[in-house]
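Let's take a friendly walk through this protein model together. Have the structure in view and follow along as we go.

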Amino acid sequence: MKSRGDFFVSEWYCKEEKEEILKVLRSGDLLEFKRGVYHHWAVCVTLGPDPLLVHRTSDLLDNGSSFGSSFSSGSSFAVSSKSMPKNELEMGVIAKHKLWDILSDSKVRINNSMDKNRMPKKVEEIVVTALQSVGKEVNGAYNLILNNCEHFANFCRYDKPGSRQVFDTVIAVIGFVAAIGFSVFARAAIR
């Protein structure tokens, strides 16, 4: 187990390693879920054996498993295993769910690596920001590039939205396009 310090990033955990993640998890932490091509992000708002997280979600808990959920501006919510009709939940609405429900068959890690570039808010402020966002569209409607789950998590912790995975993807695409362009240019120059 990695000790907690500045810019803390834990190892990756699976559902069977509940005890290990509970030893290092703190309220206000950002959690990153490995989901194949992309990573899902959430904010820890309560601890205990069944921690609650707040995250930007849709009717498919970003892992393909359907669930039912009801929101209010207060703190009550419900989670069930029943499938919900498509579009009953708005895409990108902020919700709170149990860590183990979001985790499902993926892996998770605590990732506060942006602390080295941005000053995190106080834990209480992070939690209040996240909880007050439940059931709302924060910073506008969901947008894969400009307003996704990672943007929301960073907004809660740092008061500034941002997505490293979007930035990294854009850079990779630019590099790929540049490499193809160079290859075409080099072939044309040789002829």
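A residue counts as buried under 20% relative accessible area, as exposed over 50%, and as partly exposed in between. With a relative accessible area of 49%, Asp159 is therefore partly exposed. Keep in mind that this is a predicted model.

Now turn to the sheet. Strands of a sheet pair through backbone hydrogen bonds, either parallel or antiparallel. Here, five strands form an open sheet in the order β6-β3-β2-β1-β7, and their pairing is antiparallel. At the edges sit β6 (93–98) and β7 (107–110), each pairing on one side only. On average, neighbouring strands of this sheet are turned by 35 degrees against each other, direction ignored.

Look next at β3 (residues 52–57), which is joined to β6 by six antiparallel bridges. Helix α3 (residues 123–133) touches β2 (38–46), β3 and β6, while helix α4 (residues 149–158) touches β1 (30–35), β2, β3 and β6.

Which side chain meets Glu32 in a salt bridge? The partner is Arg109, at 2.8 Å from N to O. Arg109 belongs to strand β7 and Glu32 to strand β1, 77 residues apart. Glu32 is buried, at 6% relative accessible area.

Arg157 and Asp115 form another salt bridge, with their closest N and O atoms 2.7 Å apart. Arg157 is in helix α4 and Asp115 in the loop between β7 and α3, so this pair ties together parts that are 42 residues apart in sequence.

Key:
Residues are numbered from 1 along each chain as its sequence is written. This is a predicted model: local features need pLDDT of at least 70, side-chain atom pairs count only at pLDDT 80 or more; totals for chains, interfaces and linings use all residues. Side-chain values use heavy atoms; hydrogens and water are left out. Two strands pair if DSSP finds at least two bridges between them. Helices (H or I, at least four residues) and strands (E, at least two) are DSSP runs, numbered from the N terminus. Axes are lines fitted to C-alpha atoms, for helices over the stretch in contact, and angles run from 0 to 180 degrees between N-to-C directions. Contact means heavy atoms within 4.5 Å. A salt bridge is a side-chain nitrogen of Lys or Arg within 4 Å of a carboxyl oxygen of Asp or Glu. Buried means under 20% relative accessible area, exposed over 50%, partly exposed in between (1.4 Å probe, protein chains only).
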